[in-house]
Amino acid sequence: MIINFSERAHNHNWDLDPIVRSLLDTDFYKLLMLQFIWKHFRNTRVTFGLRNRTARFRLGEMVPREAVLAQFEHVRRLRYRKSEMIWLAGNTFYGTRGIFEPAFLEWLERDFRLSDFHLSERDGQFELVFEGTWVEVTMWEIYALSILNELKTRAALKGMSEFELDILYAHAKTRLWGKIESLRGVPGLAVADFGTRRRHSFLWQEFVVEAMHSELKGTFTGTSNTFLAYKHDMEAIGTNAHELPMAMAAMSTNDAHLKTAQYRMLELWQQTYGGSLQVMLPDTYGTTQFLEGAPDWVADWTGQRVDSKDPFVAGDEYIAWLESRGRDPKSKLLIASDGLDVNEILSLHAYFSGIVQPGVSVRDFRSAQDFQDSRKWRQERRIRFSSGWGTLLTNDFRGCHPRNEDALEPISLVCKLTSADGNPAVKLSDNYEKASGPPKLVEHYRKVFGLAGVARIPVLV
């Protein structure tokens, strides 16, 4: 797909250029979770809230409030198209046809609606609150994040000349090409696009995904963006997120119930989905405590996604835990997904997919040539490893601005569950800095779950 990005940005003169073009323009896991919520928690009321962790970017001053309202109202008017419903009903996902139940799809097409929202500004930042039944609110997360990130992009592009825009996108394309070249031909490498929520723009994400799909056959495994998977006949990638155990914990009635909420969520999930969709995300309240207290049947799940923990440490911890439970790690899947870029992807692949020879560091692997050198590496899988490449795939414009301005740098913008059934929601994370929720309740959760394996790590993207 050839797009003149500079001309399109420079000649932007229409009333509304929709950022979200389809309700499928979301992470695939949101649809899987929506069906899960529809089955088990259809009438539960929740709230979600927006938080900009990169506070130096004052979005409320950069982006016109009217533009945010217009984009959000546009999304509220969208409905699933007949062709999209046919694709969801008839396509094979993770080797299984009919993963979405007919009754759910009928509800999705006929009755699904997004909740109302409240937008305000405080100290130069937008404050967004979504409130309603869980099935009405949950899908707002990705739509809200992709809208605000692209509006930030548009604000930064607005003051640039067409020639400057041309230079900007030339730099970004050159950077993307260099990343692709580093990955080309690496034996056994598996990489997927996880970059919807913090993308530079929809069109840039589409360009990047098509480039990866075209140039990295056999390595690029698919995209988490459901609309791009639908439009370009790719694999849709995704399982579940922190939102589910957060809600179940918030609805707990005592500390014992709170501690086991993370496992009750998995029980319900495996009643809904099987096989490759049984990939756990154990770090909502800390991975170490999760694994120590996990029932034995959890070790039968397909794999684990690592979010905020150092993926080298988390992977070793998971492998050791599997072995202690009598399971073969080589049959399991480990997915890294937090703040990855090409060098980290190659280092992690070297570490988990082979034997690094004495005197060689995993940081020494920078291209296929390094993996093909038997003096450096021998392919021998410790665990099935895959990378979910997010922000630094779809929004890496660092240093690309022709005037060296930083307005296009990615920011850490999140939209999280803040309450369920009227009770505040808390997330602790493996990263101490990423905890969210009322401070006193966060401290109570830390007493219940402990701090084993939790570290203080700078929040990047």
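Colleague: Where is Ile411 found, and between which elements?

Modeller: Ile411 is in the loop between α18 (391-394) and β14 (413-420). Helices are DSSP runs of H or I with at least four residues, strands are runs of E with at least two, and both are numbered from the N terminus. This is a predicted model: local features need pLDDT of at least 70, side-chain atom pairs count only at pLDDT 80 or more, and totals for chains, interfaces and linings use all residues. Residues are numbered from 1 along each chain as its sequence is written, and side-chain values use heavy atoms, with hydrogens and water left out.

Colleague: Why is Ile411 called buried?

Modeller: Buried means under 20% relative accessible area, exposed means over 50%, and partly exposed is in between (1.4 Å probe, protein chains only). Ile411 has 1% relative accessibility, so Ile411 counts as buried.

Colleague: What does Ile411 touch?

Modeller: Contact means heavy atoms within 4.5 Å. Leaving out residues up to four places away in sequence, Ile411 touches Asn52, Thr54, Phe57, Leu59, Asn149, Lys152 and Arg198. Asn423 is twelve residues from Ile411 along the chain, and their C-alpha atoms are separated by 29 Å.

Colleague: How is the protein divided into domains?

Modeller: Domain 1 is 5-164 + 413-426, and domain 2 is 173-395. Those bounds come from an automatic or database domain assignment. Taken over C-alpha atoms, the two domain centres are 23 Å apart. In contact are 50 residues of domain 1 and 40 residues of domain 2.

Colleague: Which residues touch the most other members of the largest nonpolar core?

Modeller: A nonpolar core is a set of buried Ala, Val, Leu, Ile, Met, Phe, Trp, Tyr and Cys residues joined through side-chain atoms within 4.5 Å. The largest has 152 residues, and Tyr80, Leu88, Phe100, Leu108, Phe130, Trp269 and Trp389 touch the most other members. Helix α8 (residues 140-158) gives the most to this core, with ten residues.

Colleague: Why does this core lie between domain 1 and domain 2?

Modeller: Both domains give residues to this core, so it lies between them.

Colleague: What does Tyr80 touch?

Modeller: Not counting residues up to four places away in sequence, the contacts of Tyr80 are Leu23, Leu24, Leu31, Met85, Leu108, Phe112, Met139 and Tyr143. There is also a second, separate core of six residues, including Val279 and Ile335.

Colleague: Now the sheet. In what order do the strands come?

Modeller: Six strands form an open sheet in the order β7-β6-β13-β10-β9-β8, with parallel pairing. β7 (220-223) and β8 (279-280) stand at the edges with a single partner strand each, so one side of each has no neighbour in the sheet.

Colleague: What makes β8 and β9 a pair?

Modeller: Two strands pair if DSSP finds at least two bridges between them. β8 and β9 (residues 303-306) have two bridges, in the parallel sense. That meets the cut-off. Gly303 in β9 is the bridge partner of Val279. β9 and β10 also pair in the parallel sense, over four bridges. There, Gly303 stands opposite Leu333 in β10.

Colleague: How do you know that both faces of β10 are covered?

Modeller: Look at the two sides. Leu333 and Ile335 are buried on one, and Leu334 and Ala336 are buried on the other.
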